[in-house]
Amino acid sequence: MLTVLEPESLYPDTLLEQRVMGSTIRILQGQAKKALMELPDELCAQADGLTTLRLAMPKEALARFPKLKVVIRMSVGYGRQQLSDTAVTRSLAA
């Protein structure tokens, strides 16, 4: 089972996300208000995926996610994050 972390806890539950992602995905919520660096290491270590709306994703913060395979940016219109700033190279076969 893959684990997706919603670090901002934007909503009181993850029922809609769970319906969309399906039963093979476990969704966790964090309590980050301004930065990914606010999350505990134990939570970061569990995440295969990260879905965020407002938080920036600098490579120093993404380095705290050893299993990370995908980052989902929940936004419409424009991206404020430079891909070169967040690029992390990992083998997806691991």
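Hi everyone, and thanks for coming. First, some ground rules. Residues are numbered from 1 along each chain as its sequence is written, and side-chain values use heavy atoms, with hydrogens and water left out. As this is a predicted model, local features need a pLDDT of at least 70 and side-chain atom pairs count only at pLDDT 80 or more, while totals for chains, interfaces and linings use all residues.

Let's take confidence first. pLDDT is the predictor's confidence in each residue, from 0 to 100. The protein chain averages 84, and 80% of the residues score at least 70.

Now the layout. The protein chain has four helices and four strands, following the pattern β-α-β-α-β-α-β-α along the sequence. Those elements are DSSP runs numbered from the N terminus: H or I with at least four residues for helices, E with at least two for strands. The four strands form an open, parallel sheet in the order 2-1-3-4. Strand 2 (25–29) and strand 4 (70–73) are the edges, each pairing on one side only. From one strand to the next, the twist averages 20°; for such angles, axes are lines fitted to C-alpha atoms, and values run from 0 to 180 degrees between N-to-C directions. Pairing requires at least two DSSP bridges between two strands, and strand 3 (residues 49–52) has four to strand 4. In that pair, Gly49 stands opposite Val70.

On to the inside. Of the 94 residues, 34% count as buried, meaning under 20% relative accessible area with a 1.4 Å probe on protein chains only; exposed is over 50%, and partly exposed is in between. The largest nonpolar core has 15 residues, and Leu5, Leu36, Leu39, Leu50, Leu62 and Phe65 touch the most other members. By nonpolar core I mean buried Ala, Val, Leu, Ile, Met, Phe, Trp, Tyr and Cys residues joined through side-chain atoms within 4.5 Å. Helix 2 (41–46) and helix 3 (59–62) each supply at least two of its residues.

Is Arg64 buried or exposed? Arg64 counts as buried because its relative accessible area is 17%. Its side chain makes a 2.6 Å polar contact with that of Asp41, and a polar atom of the Arg64 side chain lies 3.0 Å from the backbone oxygen of Leu36. A polar contact is a pair of N or O atoms within 3.5 Å; within protein, one must be able to donate a hydrogen and the other to accept it, and residues adjacent in sequence count only if both atoms are side-chain atoms.

Finally, the loop between strand 1 (2–6) and helix 1 (15–21) holds Ser9 and Tyr11. Ser9 has a positive phi of about 45° although it is not a glycine, and Ser9 is buried at 17% relative accessibility. Tyr11 is partly exposed, at 46%. Leaving aside residues up to four places away in sequence, Tyr11 touches Glu17 and Gln29.

Definitions and conventions: Contact = heavy atoms within 4.5 Å.
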